[in-house]
Structure formats: structure tokens, C-alpha cells
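Dear colleague,

Please find below the structure that I am handing over to you. A summary of the findings follows it, and I would ask you to read the two side by side.

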There are 2 protein chains.
Amino acid sequence: MRSTSPPEAFPAHTPAASQIFTTVLSHGPLTRSEIAGRTRLSAAAVTKAVRPLIEAGYLLEDVAEDGRQPALGRPANPVRVDGGRALFIGIKMTGDELIAVLTDLCCRIRVARHVSLTSRAPRSVLASTAALVQELLTEADGFGVRVQGIGIAVSGDVDRSAGVVRYSPFLEWRDVPLAELAGMTTGLPVTVDNDVRALTVAEQWFGAGVGLSDFALVTVGAGIGCGLVVHGQVVAGAHGVAGEIGHVAIDPAGPLCDCGNRGCVEAIASDSAIVAQVREVTGVRVADAAAALDLAHDGDPGAREVYARAGEAIGRGIATVANLLGPERVIISGEGLAAYDLFAEQIRDAFGAAAFGSAAMCDVQTRPLPFEEWARGAAATAIQSFITSEAH
Amino acid sequence: MRSTSPPEAFPAHTPAASQIFTTVLSHGPLTRSEIAGRTRLSAAAVTKAVRPLIEAGYLLEDVAEDGRQPALGRPANPVRVDGGRALFIGIKMTGDELIAVLTDLCCRIRVARHVSLTSRAPRSVLASTAALVQELLTEADGFGVRVQGIGIAVSGDVDRSAGVVRYSPFLEWRDVPLAELAGMTTGLPVTVDNDVRALTVAEQWFGAGVGLSDFALVTVGAGIGCGLVVHGQVVAGAHGVAGEIGHVAIDPAGPLCDCGNRGCVEAIASDSAIVAQVREVTGVRVADAAAALDLAHDGDPGAREVYARAGEAIGRGIATVANLLGPERVIISGEGLAAYDLFAEQIRDAFGAAAFGSAAMCDVQTRPLPFEEWARGAAATAIQSFITSEAH
């Protein structure tokens with residue numbers, strides 16, 4: 001099978017060449033002079049870096065406007081990435097299932113699969129992962145294009161550079177060298193990252209963060225997460241913790257959080273917090289977040305009040321991020337957006353009231369997040385590693 | 001007068017040369033190969049950049065260990081910055097006075113002066129500034145070295161790249177093009193920056209932030225400020241607001257803040273907040289922060305309780321910074337440290353309780369801050385502009 005042969009090296013051997021390719025990937029098609037302008041590299045450096053990328057098929061030169069075939073290297077012709085040139089696999093691991101996608105080089109999903117986990121033991125999860133990867137490699141054969149790498153996203157404390165899951169509460173893992181283990185079972189380069197940071201990479205390279213040097217992605221759902229891009233780079237934290245907007249404590253009289261503090265944003269606005277509060281306020285034994293949402297959508301005033309308080313907590317958390325970092329944009333996403341109509345106004349009002357001065361000028365957007373987007377985020381980290389040659 | 005002749009250009013004409021000089025300034029003495037290692041530049045590039053800096057007297061080559069005169073360019077000889085090669089003026093503007101320092105190129109204070117302001121009108125403040133600068137230029141003549149630039153630090157919303165004070169509540173200024181105006185009256189290049197960010201530059205280049213890519217400086221006193229360095233650069237905020245730890249709202253039932261919200265860190269822990277709370281709790285009409293501090297130091301339990309609450313608020317604000325950004329170090333400084341014995345324990349405890357997971361591993365330090373340090377911070381921005389050629 002072609003797709004299981006060893007991956008090829010990406011023909012960009014300098015940081016400048018990686019930067020040029022990334023620029024075309026996020027902003028293309030671009031002419032060479034536009035690339036030079038955006039990267040602040042010389043026209044000669046751009047021309048030199050672009051040639052082997054065209055020769056290897058990663059960049060395509062567009063046909064000139066008069067319809068003639070392009071003269072190779074003619075500076076006025078725009079170049080763009082050939083998304084079909086390489087495939088990647090992205091996997092999101094939760095405590096219950098694996099969600100996997102096969103994407104092209106432009107991070108467009110070609111195939112999506114998921115499988116339930118029968119056990120959370122690393123050995124068992126790795127066996128399920130290997131089987132799922134094999135399935136996707138077979139699919140990849142149909143495209144006649146090689147899979148160049150795998151990205152795996154896990155919630156919790158993940159050391160991407162070491163390839164190690166330091167602590168994942170949902171998987172109940174501590175210090176699992178996941179990149180190395182998954183690399184051995186699949187034979188492909190593996191990048192492991194925290195799930196929210198992986199999603200942030202996808203937004204930075206392919207989504208609402210393109211072209212922004214400073215933005216935040218806030219995910220609302222089972223947890224309340226936050227990915228931060230500052231000065232053009234994803235913030236990882238000196239000790240592995242960053243973006244913990246869920247544990248910004250906004251009310252010392254608020255509900256107790258799993259972390260031991262009171263009034264964390266997550267203790268007020270996560271799915272499980274909302275379920276617990278709806279049960280307490282309404283007396284209805286709602287089974288899960290979907291049932292709580294139904295009750296609120298049916299007009300139950302107690303349930304609606306719980307969502308309103310959740311929105312206020314999220315808005316105050318976002319204002320804290322804006323007051324400290326002053327991002328250009330905050331993107332709110334996550335499964336919790338299913339309830340957005342119930343708390344959009346409270347998010348907006350609380351953010352507006354708590355944002356300090358011109359921090360309120362920050363552009364707050366929402367983006368739907370189908371669950372396979374988490375796996376797509378993982379694929380984005382694999383694409384990033386492939387281009388910058390940093391996978392395990 | 002030599003010092004009022006036009007400033008000379010710094011002989012580092014490329015970003016790499018600026019980076020090399022900055023590296024020696026913060027970490028020197030260093031050998032050329034140590035410089036190459038730290039900057040990830042080639043040995044040839046370092047040798048090429050170092051030569052004109054030695055020739056112009058900005059770098060000195062140390063005598064070899066055997067006591068012989070150094071052979072110029074011998075790679076094993078360490079080089080260091082000659083601090084006495086250039087002088088800079090740093091000015092901190094408050095609503096009441098100007099504090100100014102004359103520093104050398106290594107940001108060591110040579111002379112300090114201050115003058116009271118009779119009016120806050122820009123014209124009047126500029127006249128006082130020009131007179132103070134003239135005094136310091138006369139002092140500089142005594143050193144026989146030229147003053148190469150002026151840094152001015154102002155609290156509030158300052159756009160450094162435009163050289164404009166957008167809004168300064170203490171000075172009651174809006175949109176004052178201070179860099180241009182002060183440049184005209186003094187004939188020297190002027191850098192204008194927010195006071196906390198200026199102090200952060202001083203810590204990054206010459207203080208407790210040297211060698212750290214991610215740290216925070218928290219200033220406690222009339223206000224509660226925070227300078228952030230992320231990925232090696234000071235965070236300025238897309239809309240001019242960043243580091244507003246003073247307006248992190250930690251208690252919706254807390255005291256009303258000037259910003260309109262309740263329970264901001266500044267509404268609990270700033271000098272004026274402490275004075276107001278001590279008056280309320282003790283019934284004693286303390287005149288100012290010093291009187292409140294005396295009362296607490298005399299053992300008044302109500303006053304001590306106010307300081308304890310202030311410490312808790314500061315600790316929770318610092319934990320919020322740590323949870324979002326995961327800095328390697330947080331440096332607490334400011335005039336408010338005079339009360340540090342009254343709230344050190346509460347800062348530590350509240351930080352430890354509210355920091356999430358390994359974010360608690362962040363190194364929290366204190367640094368005394370004599371008031372002229374604010375002016376030294378301004379001088380640091382002038383040194384930075386001189387080296388990177390970005391002053392107005």
C-alpha cells in the first residue's frame with residue numbers, strides 16, 4: 001500500500017521556506033512579490049524557496065489571466081498550495097471514544113470516523129487507535145496520496161515538544177509517551193497536543209485567526225477552554241498550563257469547582273455545572289446537557305436563569321482575557337454553542353461591562369463546532385509538524 | 001555643549017546586529033561563540049557584527065586571562081558593553097511631578113532629579129520637561145558623554161509606535177503627541193510608553209526578567225498594574241489595553257471600582273481603596289496610604305484585616321495571570337510593597353489556592369521599587385529605541 005510507505009520529507013529545509021509555505025497555505029493564492037511583502041523576505045529568497053516546492057508538487061502556479069500556460073517562475077503568476085498533494089490523520093481522544101478525520105494538506109476533511117472505547121488503559125486505546133488509523137490509511141489509498149503524519153489531541157496537560165500526555169483527567173492518564181507509542185504502532189510521525197491548543201492551531205492557520213497576531217479561542221461545552229495566540233504564536237505556558245479560562249474565579253460565593261475553588265467559570269458554565277444547577281433550581285432530574293437545554297428551550301424560567309448566569313460567567317471570563325491580553329478577536333466555539341440563543345445576550349452584556357476601556361473594541365465572534373472539528377484541530381498540528389519538520 | 005549636539009546613529013544596522021548587542025547588554029560578558037549560541041546566529045555573522053561595535057566603543061573586549069592585551073577579534077575573548085559609552089534620560093510623568101534620571105547605556109542611574117508640576121496642561125508640562133532635560137544635559141557634560149535619547153513614561157493608554165498619549169487619567173490628557181512635542185523642545189529622539197510597560201522593559205533587559213521568554217511584572221501602589229512578556233516580547237494589546245490586572249473582577253459583591261464594575265483587584269488593593277476601607281472599618285480618618293499603613297503596623301485589627309483582604313485580591317489576580325499565560329516568573333513590585341509584611345502571606349496563600357495545576361509552579365518574587373525606578377524604566381525604553389533605531 002502506497003500510503004503506509006515511509007513518509008517523505010517536506011522540501012522546505014529552512015525556517016524561511018517553512019514560513020513562505022505557511023503564508024501561501026493561509027493566505028494564498030499569492031504572487032511572489034505578495035509573499036515577499038507578507039514575510040518581509042527578499043524577492044530572491046522567495047523565488048529560491050518557491051521553486052523546489054513547485055517541483056515537488058506542493059505549490060501550483062496559476063495559469064496567467066490570458067489563459068496561456070504559466071512560464072515557470074514568472075513573478076506575476078500567483079502560487080497556491082495543492083491541497084491534494086498530501087493527506088493527514090487527526091484524532092481526538094476522549095474518555096469514551098476516538099474521533100478521527102482524514103484531511104488534505106489544506107486541512108479539509110475528506111473522511112470522518114469514530115469508534116467507542118471499551119477501556120481507558122493506554123494499551124487498549126492504542127490498539128483502537130492503530131485499527132482506526134489502518135481504516136483511514138485504506139481510505140487514503142483511494143485518493144492515491146500518501147498520509148504524511150498523524151495528530152492526536154487530548155484534553156489536559158500535554159507536552160507537545162516531548163510528545164507526552166502529562167495528565168488527562170478524562171482518560172485518567174499520567175505521563176503517557178503517546179507520540180512515541182502511537183508512532184511505533186502506526187509507523188507514521190505523530191504530534192500530540194492539548195485539544196484546545198490544537199483547535200487554536202486550526203483557527204490560526206485555516207480559520208478565523210488567519211492574519212491575526214493576537215487572538216483567543218474560547219470553547220464552551222464539557223469544559224470551558226481557551227487557546228491563546230500572542231505575537232503570532234500559540235501560548236503553551238512555561239509549566240504546561242495556559243488558557244485556563246475555565247478556572248478564572250469570578251465569584252467567591254459561587255459553586256464549588258472540581259479544582260477546589262469557588263466560582264470558577266467552569267463551575268458555573270460547563271455542561272455538568274449547568275445540569276447540576278438546572279436540577280437544583282427546577283427540581284427536574286434532567287439526565288444530561290441536552291435535556292437541560294430542552295427544558296430551557298421549552299421556556300422553564302429556572303432553567304433559563306441558569307443559562308443566563310452561565311452566559312454572564314463566560315462573558316466575564318472573556319473580559320478577563322481581553323483586559324490582560326487585548327486580543328484583536330475572541331472566537332467562541334464548542335458544543336455548548338447549541339445553547340447560544342439562551343446566553344448570547346448575557347455573554348455580550350457581561351463582556352461589555354467588564355472589558356476595560358478600549359479592550360471592549362475586541363471583536364467577539366461565534367463559530368459552530370461540529371465534534372469532528374476537534375479531530376480536524378489534531379490534523380492541523382500534524383500539518384504544522386510536517387511543514388516545520390518537528391513531528392516525532 | 002557636546003551633549004546637545006545631534007545624536008549619533010548606533011552602528012548596528014541590521015536586526016541581527018541589534019539582537020547581538022542586546023544579548024551582550026543583558027547577558028555579557030560573553031565570548032563570540034557564546035553569543036552565537038544564544039542568538040542562533042552563525043559565528044561569522046557574530047564576528048562581523050561585533051567588529052564595528054568594538055570600533056565605535058560600544059563593546060569592549062576583555063583582557064585575556066593571562067593578562068596580555070587582547071588580540072582584536074580573537075574569538076575566545078569575552079566582549080561586554082561599555083556602559084559609559086552613552087547616556088540616556090528617563091522621565092516619569094505623574095499628575096503632580098516629573099521624576100527624571102540620567103542613566104548610562106547599561107541603565108545604571110547616574111543622576112536623579114524631580115520637579116513639582118504647577119499645571120497639568122501639556123504646554124506647561126512640556127516647559128517643565130524641557131527645563132529638567134536641560135539640567136540633566138548639563139550634568140551629562142560632566143561625564144563627557146553624549147545623551148542619545150529620552151524615554152518618557154506615563155500611566156494610561158499610550159501608543160508607543162505613534163508616540164501619542166491616547167488617554168492619561170492622572171494628567172487628564174487625551175491624544176497628546178508627546179514624542180513629537182518633546183522631541184521639538186529638546187532636540188533629542190523621544191520614546192513614549194506606558195509606565196508599567198516601560199518598567200517591564202527594564203526588568204526584561206536589565207532585571208529579574210533577563211533570559212525569560214515569559215514573565216509578568218505586577219505593580220502595587222496607587223494602581224495595580226501588570227506588564228506581560230510573552231514569547232520574548234512585551235504585550236501591548238491590539239487596542240492599546242493589556243495587563244489590566246487591576247480590573248480583573250474577582251468578587252461581584254466587592255467594592256465599586258472607578259471603572260464601573262464591582263470587586264476589581266484595584267477596588268480592593270490600591271492605595272486609595274485601602275485608605276477608604278481602613279476609614280470605614282476602623283472609623284479612623286487616616287489621611288493617606290502611609291497613615292493607613294502606620295495604623296496597621298501599630299496592630300489595629302481592622303486595618304490589618306483590610307491589608308489581608310488586599311493581599312488575597314492581589315494573589316487571586318496573579319493566579320488569573322498564571323492560569324491564562326503560565327509565565328515562568330511573576331515579579332511583584334511597586335510602592336505598595338511598603339506594606340508587604342502585612343499581606344505577603346495572603347498573596348502567597350491566595351495564589352497557591354487559585355493557581356490551576358502546575359501553574360502554581362510559577363516563581364513569584366518581590367522586588368523593591370524606589371520611585372526613581374519608574375524613570376529608569378523610561379530610560380530603558382530610550383536605550384531600546386536607540387539600539388533598535390525606532391525612536392521618534
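Chain B can be superposed on chain A by a rotation of 180° with 0.1 Å of shift along its axis, at an RMSD of 0.1 Å. This is therefore the relation of a two-fold axis. Both copies use the same surface, since 100% of the contact residues of chain B recur in chain A. Please bear in mind that this is a predicted model.

Turning to the interface, chain A contributes 40 residues to the contact and chain B contributes 40 residues. About 3300 Å² is buried between chain B and chain A, and carbon and sulfur atoms account for 60% of that area.

Which elements of chain B supply at least two residues each to the side that touches chain A? They are two strands, S12 (224–230) and S13 (233–234), and two helices, H10 (301–325) and H11 (340–354). H10(B) gives the most to this side of chain B, with seven residues. By class, the side of chain B that touches chain A holds 24 nonpolar residues, eleven polar residues and five charged residues.

As to specific interactions, 20 residue pairs are in polar contact between chain B and chain A, counting pairs with both residues at pLDDT 80 or more.

With kind regards

Note on methods: Residues are numbered from 1 along each chain as its sequence is written. Chains are lettered from A and ligands numbered from 1 in the order in which they are written. This is a predicted model: local features need pLDDT of at least 70, side-chain atom pairs count only at pLDDT 80 or more; totals for chains, interfaces and linings use all residues. Side-chain values use heavy atoms; hydrogens and water are left out. Contact means heavy atoms within 4.5 Å. Buried area is the accessible area (1.4 Å probe) that two parts lose on being put together, summed over both. A polar contact is a pair of N or O atoms within 3.5 Å; within protein, one must be able to donate a hydrogen and the other to accept it, and residues adjacent in sequence count only if both atoms are side-chain atoms. Helices (H or I, at least four residues) and strands (E, at least two) are DSSP runs, numbered from the N terminus. Ala, Val, Leu, Ile, Met, Phe, Trp, Tyr, Cys and Pro count as nonpolar, Asp, Glu, Lys and Arg as charged, and the others, Gly among them, as polar. Copies are superposed by least squares on the C-alpha atoms of residues with pLDDT of at least 70 in both.
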